[in-house]
Every structure is written in C-alpha cells, then in structure tokens.
Amino acid sequence: MIAQPLEAVPNLSPLRVVDPISPQAKPIPGRRWVVSDWIPWGYVTALYGDGGTGKSLLAQQAMTACAIGKPWVGLNAVHVRAFGVFCEDDEDELHRRQADINRSHGIDMGDLEHMRWTSRVGEDNVMMGFGATGEGRLTPFFGQILEEAKSFGAQFVVIDTAADTFGGNEDIRPQGRRYVSRALGYIAREIDGSVLLCAHPSRSGMQEGDGGSTAWSNTVRSRLFLCRPRISRRTGLLHR
C-alpha cells in the first residue's frame, strides 16, 4: 500500500510526545470524578438500559444531584452545572418528573439555577452523520448543543438517547467510535466536564450490558447498565 503524502492527510494535528523522565518530579495527578467511581471527569459514560427501565429518570436525577451538590443513588456527586438533551420526553413529562425528584430532595424549582434541559421530541436530533465514505460529519444541531452547554457553563451534559443522536450504523465499529470520541468526547473536553449518553442495549446486550458493536463499550470510559430485577421461580431469589 502506498502511503498518502503529508499534504493529502486531512486534519493532521501535531504529536504530543512525552518524555517520561521530564515529569518525574511532578506529583501524580489524581483521578477526577463527576460521580465518585462511576462517572469520570473528561470522558463519555454510557448508561445502557432497555426501554422503560428508567434511564431518563436516572439521568435527570444525576443532573439534579450535580446542580444542587447532593449525592446521586448514594454516591458523591460534584456540584456543577448540568445540561440535558432529552429526545424521548416532552416538556410536560420532564416537568412532572422533576417535581417528583424535587420532593425527594426537599427542594423546589427555584433551587435549580444550575440546571437546564431541552426537550427534542419529534425533532431531527442527529449530532453526527456519515456519508458514503464513512467519514463522520458533525451537524448544526451538534453545534447548537455545544454552544448552549458552554454558554450555560455546564460541566455535566446528558444526551438521551444514542438512537436519536447517532446518524450511522451502530454495528459499524469506526462509526460508533467516531461518534463517541469525536462528537461526545469533544463536548466533554470543551466543557472541561463529562457527558452521560443514554443508550438502548442490543438483543445480545440485554445479557452483556451493551449495544451495537464492541466499539461503543470500548470507546466510552465508563459503562453503566440498568436492568429490571428478576425473581427465580425455583429459588424465589432476585437476579439481574
């Protein structure tokens, strides 16, 4: 195979080469978390779950916890601004759900100055599309979301769901990888925060806890899986 000449390689960025001797005197950087041990800072986390299991509710609870600086499902969450993109729930549903969440925290809507969301039901919500060559292209909607998140100062962004915002074939590894790293990962880096992507598992992923090709689970930094508990008819015990 003949290599492309340098001028024919698009978007070539300079190499960031590290001499391991030079940082020897520097302290080892600590790992940062939006939610302790579950949602790392600076990366994309995937939240998988079948329809109706409560992914959107759990994500909205996480946004609320960050916005008011309270724990999420018993885990410490940092106090940061949160922005959510909800493609499956209309404004009334989000309002009703938030009212329930508020009651659980003993707060009201006036306490949510660090939280924003947008309902996108019925809209074209693709953030990255793919042409015949397979190269991913960011859409104007992606630009809108990034601009709004940065303008608000959000450091935690929820994208609900992958099915609505990914404009490719989830079984094609390079496409899934580009979407996670070059679209959602770019948002995480630009806001100096984290992105939580809600996604539906594939049929096989109902058992394994992922969806599409392995590129999805291998590209996100953390993967959470929400499922319904099942009771064994033989033992009467709860199982995943």
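Trainee: Which side chain does Asp89 join in a polar contact?
Mentor: The side chain of Arg97, at 3.2 Å. Keep in mind that this is a predicted model.

Trainee: Where is Asp89 placed?
Mentor: In the loop between S4 and helix H2, which covers 91-105.

Trainee: Is Asp89 buried or exposed?
Mentor: Buried. Its relative accessibility is 12%, and the cut-off for buried is under 20%.

Trainee: What does Asp89 touch?
Mentor: Skip residues up to four places away in sequence. Then Asp89 touches Ser56, Leu94, Arg97, Ser119, Val121 and Asp160.

Trainee: New topic. Why is strand S10 largely enclosed?
Mentor: Because 6 of the 6 residues in S10, residues 194-199, are buried.

Trainee: Which residues sit on each side of S10?
Mentor: Ser194, Leu196 and Cys198 are on one side, and Val195, Leu197 and Ala199 are on the other. Both faces are covered. In a regular strand, side chains alternate between the two faces of the sheet.

Trainee: Which strands pair with S10?
Mentor: S3, residues 44-49, pairs with S10 in the parallel sense over 5 bridges. There, Val44 stands opposite Val195. S8, residues 156-160, also runs parallel to S10, joined by 5 bridges. In that pairing, Val158 has Leu196 as its bridge partner.

Trainee: What about the largest nonpolar core? Which residues touch the most other members?
Mentor: Met127, Val157, Ile159 and Tyr179, out of 32 residues. H5 gives the most to this core, with 7 residues.

Trainee: What is Met127 in contact with?
Mentor: Leave aside neighbours within four places in sequence. The list then includes Phe141, Phe142, Ile145, Ile159, Tyr179, Leu184 and Ile187.
Mentor: Apart from that core lies another, of 27 residues, with Ala62, Leu94, Leu112 and Val158 among them.

Trainee: Back to H5. How many residues does H5 have, and what does it reach?
Mentor: H5 has 19 residues and reaches 26 Å from first C-alpha to last. That is close to the 27 Å expected.

Trainee: Where is the kink in H5 centred?
Mentor: On Gly185, with a kink of about 35°. Gly185 is also one of the buried residues of H5, along with others including Tyr179, Leu184 and Ile187.

Trainee: And what comes just after H5?
Mentor: Asp192, which takes a positive phi of about 50°.

Key:
Residues are numbered from 1 along each chain as its sequence is written. This is a predicted model: local features need pLDDT of at least 70, side-chain atom pairs count only at pLDDT 80 or more; totals for chains, interfaces and linings use all residues. Side-chain values use heavy atoms; hydrogens and water are left out. Buried means under 20% relative accessible area, exposed over 50%, partly exposed in between (1.4 Å probe, protein chains only). Helices (H or I, at least four residues) and strands (E, at least two) are DSSP runs, numbered from the N terminus. Two strands pair if DSSP finds at least two bridges between them. A nonpolar core is a set of buried Ala, Val, Leu, Ile, Met, Phe, Trp, Tyr and Cys residues joined through side-chain atoms within 4.5 Å. Contact means heavy atoms within 4.5 Å. A polar contact is a pair of N or O atoms within 3.5 Å; within protein, one must be able to donate a hydrogen and the other to accept it, and residues adjacent in sequence count only if both atoms are side-chain atoms. The expected span of a helix is 1.5 Å times one less than its number of residues. The bend at a residue is the angle between axes fitted to the seven residues ending there and the seven starting there.
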